[in-house]
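Please look over the sequence and the model shown below before reading on.

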Amino acid sequence: MGVDNVSQVRTIVLDWYGDHFVEFPWRTSKNPYHSLVGGFCTQQTQMSRALDTHRRWLNAFPTVADLAAAETSHVIRVWGKTGYPRRAVHLQQSAQQCVERFGGEIPSELNDLLSLPGVGPFTAEIVRCFGFGLEVLTIDTNIVRIFGRIFQGDLQPIKDTSKNRIKELSNQFVALGRTNLINPALMDFGASVCTGRPKCEICPALNICKAATKFRSGQVPEPQRKGKVYAGSDREWRGKILELLRHYSQPVSEKKIKKILNLESDEKTQRLLTGLEKDSLISREKHLVKLG
Ligand code: SF4
């Protein structure tokens, strides 16, 4: 049986969340800066790793002004091995723009947030929902998956469910209020129960979900996305170069980087360094390389 009843689904998911609540500080601190940092930390990153980075970051840069004024090399060092280090640079650039354009405050208007470097709809709505307590829903892949399955019976909602329908459902959830609770509840429910390969057998929405019978009769679940191979990729090499530079307080020569990392050619070394420089992660002068 399927049911187009947002209120009922909301109650089920909130009940589930009551039993599975995990605290993440960017959701509960009611501080827009903490939420902005949380939004950056959670992009494409496991929550446990994001939590470590968030703690470390706020210890190093407790305020927007502290972050804006910091040495970029320090910012990159603090980001450490969290991955996708461009986020660290974008986060600092966002803080600098907040100081220059918004009097040192994080803006609450969606378009102002979206104008900051590295801030997309996901991060912007995290800030608005958790930092400012506004009634908005962060439409991430987890929420699309849940809505598309429960209300539409789509097995692969990311591909099959219309954006308009997702938006319409989202508006209905928002109209019922308490998005500061239903938002994380839906995100976590999608991340642990209604996953790519859904755990229908333990799902409290089993009896009202339009996709449940299809899954239980053996129809194909959402295919697992194949991630790009990391080993040997430019991404891995870029990480190695940054890791090496983190250990030196002085600039390091391009030749030394190539030698220590055993990079196979000058061309490859230059390609990697040029990419890092373009992303503002390193700077070079007379073949000497430093962070930031
Ligand atoms: S019954 Fe299965 S498909 Fe439906 S919401 Fe639960 S886990 Fe997702």
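**Domains, ligand shell and helix contacts**

The C-alpha centres of domain 2 and domain 3 lie 25 Å apart. The model is a predicted one, in which local features need pLDDT of at least 70 and side-chain atom pairs count only at pLDDT 80 or more, while totals for chains, interfaces and linings use all residues. Residues are numbered from 1 along each chain as its sequence is written.

**Domains**

- The assignment for the protein chain gives domain 1 (6-10 + 139-216), domain 2 (31-131) and domain 3 (234-291); such bounds come from an automatic or database domain assignment.
- Seven residues of domain 2 are in contact with seven residues of domain 3, where contact requires that the C-beta atoms of two residues, placed from the backbone, lie within 7 Å.
- On the side of domain 2 that touches domain 3, α6 (72-79) and α7 (86-101) each supply at least two residues. Helices (H or I, at least four residues) and strands (E, at least two) are DSSP runs, numbered from the N terminus.
- The most comes from α6, which gives four residues to that side of domain 2.
- By class, this side of domain 2 has three nonpolar, two polar and two charged residues. Here Ala, Val, Leu, Ile, Met, Phe, Trp, Tyr, Cys and Pro count as nonpolar, Asp, Glu, Lys and Arg as charged, and the others, Gly among them, as polar.

**Helices α6 and α7**

- The axes of α6 and α7 come within 9 Å and cross at roughly 130°. Axes are lines fitted to C-alpha atoms, for helices over the stretch in contact, and angles run from 0 to 180 degrees between N-to-C directions.
- That angle makes α6 oblique to α7. Angles under 35 degrees count as roughly parallel, over 145 as roughly antiparallel, 65 to 115 as roughly perpendicular and the rest as oblique.
- α6 passes α7 in a right-handed crossing. A crossing is right-handed if the near helix is turned clockwise from the far one by less than a right angle, and left-handed if anticlockwise.
- Thr72, Val75, Ile76 and Trp79 of α6 meet Ala88, Val89 and Gln92 of α7; five of the residues in this contact are nonpolar, two are polar and none is charged.

**Helices α3 and α4**

- Helix α3 (residues 32-42) and helix α4 (residues 47-60) have axes that come within 9 Å and cross at roughly 140°, which makes α3 oblique to α4.
- The crossing in which α3 passes α4 is right-handed.
- From α3, His34, Val37, Gly38, Cys41 and Thr42 meet Met47, Ala50, Thr53, His54, Trp57 and Leu58 in α4. This contact comprises six nonpolar, five polar and no charged residues.

**Helices α15 and α17**

- The axes of helix α15 (residues 234-246) and helix α17 (residues 266-278) come within 10 Å and cross at roughly 75°; α15 and α17 are therefore roughly perpendicular to each other.
- Asp234, Trp237, Arg238 and Ile241 in α15 meet Leu272, Gly275 and Leu276 in α17, a contact with four nonpolar, one polar and two charged residues.

**Ligand shell**

- Of the 15 residues around the ligand, Cys194, Pro198, Cys200, Cys203 and Cys209 come nearest; a residue is near a molecule or strand if its C-beta atom, placed from the backbone, lies within 6 Å of it.
- The elements giving two or more residues to this shell are α10 (141-152) and α14 (212-216), and the largest share, three residues, comes from α10.
- The shell around the ligand has 13 nonpolar, no polar and two charged residues.
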